[in-house]
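Have the sequence and the model at hand.

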Amino acid sequence: MRFPIERHQNCGCGESLSSRRHFLKALLPGGLALAVLQSAGVARAEEHRAKALVLTCIDFRFLQSESAFLLTKNLANNYDFTALAGASLALEGFPHEADAQAFWDQLDLSYKLHHIQTVMIIDHEDCGAYATKIDPNLSQDKARELQVHRDYLNRAYRSILNRYPDISVELYFASLSNPGQVMRILPIDPA
């Protein structure tokens, strides 16, 4: 025996929007159900605000120190989080253009849904993504490593401000040799 397949728009939560609407309509009088359905999206967007979108590298060695650092910035449970290999390098399309697009998509959503005011980018020492893209021995020369990260962080800074001039962008570089040390990188004026 074959059963007909109903086609409903899926809400991403395992049930269709249609079945949720039928449930609400059965539970509530018509006008009230319509008001609940129409206001649900607006209410959720207004309730959820984040102070920042944080972009870090995927490197597991920095998770604890980054979390501790974000606590010092008064961001406990109040930021959107994105991790891409190389952090600022991802905005250059490394390892694929899709990584840059993923960042922009996340920033767009964070801005629209959570009304963020700041983007924080945290690069780190001894980054495998930078070693792959730039130089496998990059971390052997600390001064050069820092300068390369400054350059890419500044490119990311300018790219974000070009799209979102009303957002502040903060740049950081985390140390592996001094765990917990996160240095602020001041943007360089391209003029």
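A: Let us begin with a definition: helices (H or I, at least four residues) and strands (E, at least two) are DSSP runs, numbered from the N terminus. The model is predicted, so local features need pLDDT of at least 70 and side-chain atom pairs count only at pLDDT 80 or more, while totals for chains, interfaces and linings use all residues. Residues are numbered from 1 along each chain as its sequence is written, and side-chain values use heavy atoms, with hydrogens and water left out.

Q: What pattern does the chain follow along the sequence?

A: The pattern reads α-α-β-α-β-α-β-α-α-β-β, with six helices and five strands.

Q: Which residues of helix H3 are buried?

A: Buried means under 20% relative accessible area, exposed over 50%, and partly exposed in between (1.4 Å probe, protein chains only). An α-helix has 3.6 residues a turn, so residues three or four places apart point the same way. In H3, which spans residues 63-72, the buried ones are Ser65, Glu66, Phe69 and Leu70. Seen down the helix axis, these buried residues fall within an arc of 135°, so they line one face of H3; the arc is that of the directions from the axis to the C-beta atoms. Gln64 and Leu71, on the other side of H3, are exposed.

Q: What covers the buried residues of H3?

A: Here we look at contacts, meaning heavy atoms within 4.5 Å. The cover includes strands S1 (52-56), S2 (79-83), S3 (118-124), S4 (168-174) and S5 (182-185).

Q: How is S1 joined to S2?

A: Two strands pair if DSSP finds at least two bridges between them. S1 and S2 run parallel and are joined by five bridges, with Leu53 opposite Asp80 in S2. From S1 the chain crosses through H3 to S2 in a right-handed β-α-β crossover: with the strands pointing away from the viewer, the path from the first strand over the helix to the second runs clockwise. S1 is also joined to S3 by five bridges, again in parallel, and Val54 has Met120 in S3 as its bridge partner. Both faces of S1 are covered, with Ala52, Val54 and Thr56 buried on one side and Leu53 and Leu55 buried on the other.

Q: Where does the charged end of Arg163 sit?

A: A charge sits over a ring if NZ of Lys or CZ of Arg is within 6 Å of the ring centre and within 35 degrees of the ring normal. The charged end of Arg163 lies over the ring of Trp104, 3.8 Å from its centre. Arg155 has its charged end over the ring of Tyr152, at 4.4 Å from the centre.
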